[in-house]
Amino acid sequence: LSSVRYFLTGFMGEAQIPPNPTNWIPQNSWPGMYRQFKGMESLDNLKGLEAHFLKSPGDFKGIYDSSDAHEEPMPSPWNTKLGEFEKMIVLKALRPDKLVPAI
């Protein structure tokens, strides 16, 4: 149930926004995106995703850049660790415009 609630509401609360670790995420998009990654830490199967993104954001660039982002595999170990619904939670953070095609 917590995954469904998170999917519907997103992160609720304050977050200390670190500097954007990329040169490909627009600065005005970064705070909202980071809040989503921060919030995912509250979900058991997504723990560690925030740290992975901050340390190796390039692992997620293919998803961000793809015109079919909803069909792109998640970087290891997330592609095998996460179920389809959890992958949509990540997609919502990276490419919310691809949620409808993902469903």
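Biologist: How many helices and how many strands are there in the protein?
Modeller: This is a predicted model. From the N terminus on, its elements run α-α-α-α-α-α-α. The count for the protein is therefore seven helices and zero strands.

Biologist: What is the radius of gyration of the protein, and what does the globule rule give for 103 residues?
Modeller: The C-alpha trace spans about 30 × 30 × 25 Å along its principal axes. The globule rule gives 13 Å for 103 residues, and the protein is close to that, so it is as compact as a globular protein of that length. The radius of gyration is 13 Å.

Biologist: What share of the contacts with a separation of 6 or more comes from residues 24 or more positions apart?
Modeller: A contact here means heavy atoms within 4.5 Å. Among the contacts with a separation of 6 or more, residues 24 or more positions apart account for 57%.

Biologist: Are α1 and α6 roughly parallel or roughly antiparallel to each other?
Modeller: Helix α1 covers residues 2-9 and helix α6 covers residues 84-94. Their axes are 10 Å apart, and the helices pack at an angle of about 25°. Angles under 35 degrees count as roughly parallel. The two helices are therefore roughly parallel.

Biologist: Which residues of α6 does α1 meet?
Modeller: α1 passes α6 in a left-handed crossing. By class, their contact has seven nonpolar, two polar and one charged residues. From α1 come Ser3, Val4, Tyr6, Phe7, Leu8 and Thr9, and these meet Phe85, Met88, Ile89 and Lys92 in α6.

Biologist: How many of the 11 residues of α6 are buried?
Modeller: Buried means under 20% relative accessible area. In α6 the buried residues are Glu86, Lys87, Met88, Ile89, Val90, Leu91, Ala93 and Leu94. α6 is mostly covered, and the number of its buried residues is eight.

Biologist: What covers the buried residues of α2?
Modeller: Helix α2 spans residues 30-40, and its buried residues are Trp30, Met33, Tyr34, Gln36, Phe37, Gly39 and Met40. What covers them includes α1, α3 (49-55), α4 (61-65) and α6.

Biologist: Is Ala69 buried or exposed?
Modeller: Ala69 lies in the loop between α4 and α5 (78-81). Not counting residues up to four places away in sequence, Ala69 touches Ile63, Leu91, Arg95 and Lys98. Its relative accessible area is 3%, and the cut-off is under 20%, so Ala69 is buried.

Biologist: How far apart in space are Ala69 and Ile25?
Modeller: In sequence, Ala69 and Ile25 are 44 residues apart. From C-alpha to C-alpha, the distance in space is 15 Å.

Biologist: Which residues does the cis peptide bond with omega of about 5° join?
Modeller: One of the two partners is found in the loop between α4 and α5, namely Pro77. The cis peptide bond joins Pro77 to Ser76.

Note on methods: Residues are numbered from 1 along each chain as its sequence is written. This is a predicted model: local features need pLDDT of at least 70, side-chain atom pairs count only at pLDDT 80 or more; totals for chains, interfaces and linings use all residues. Side-chain values use heavy atoms; hydrogens and water are left out. Axes are lines fitted to C-alpha atoms, for helices over the stretch in contact, and angles run from 0 to 180 degrees between N-to-C directions. Helices (H or I, at least four residues) and strands (E, at least two) are DSSP runs, numbered from the N terminus. Angles under 35 degrees count as roughly parallel, over 145 as roughly antiparallel, 65 to 115 as roughly perpendicular and the rest as oblique. A crossing is left-handed if the near helix is turned anticlockwise from the far one by less than a right angle, and right-handed if clockwise. Ala, Val, Leu, Ile, Met, Phe, Trp, Tyr, Cys and Pro count as nonpolar, Asp, Glu, Lys and Arg as charged, and the others, Gly among them, as polar. Buried means under 20% relative accessible area, exposed over 50%, partly exposed in between (1.4 Å probe, protein chains only). The radius of gyration is taken over C-alpha atoms; the globule rule is 2.2 Å times the number of residues to the power 0.38.
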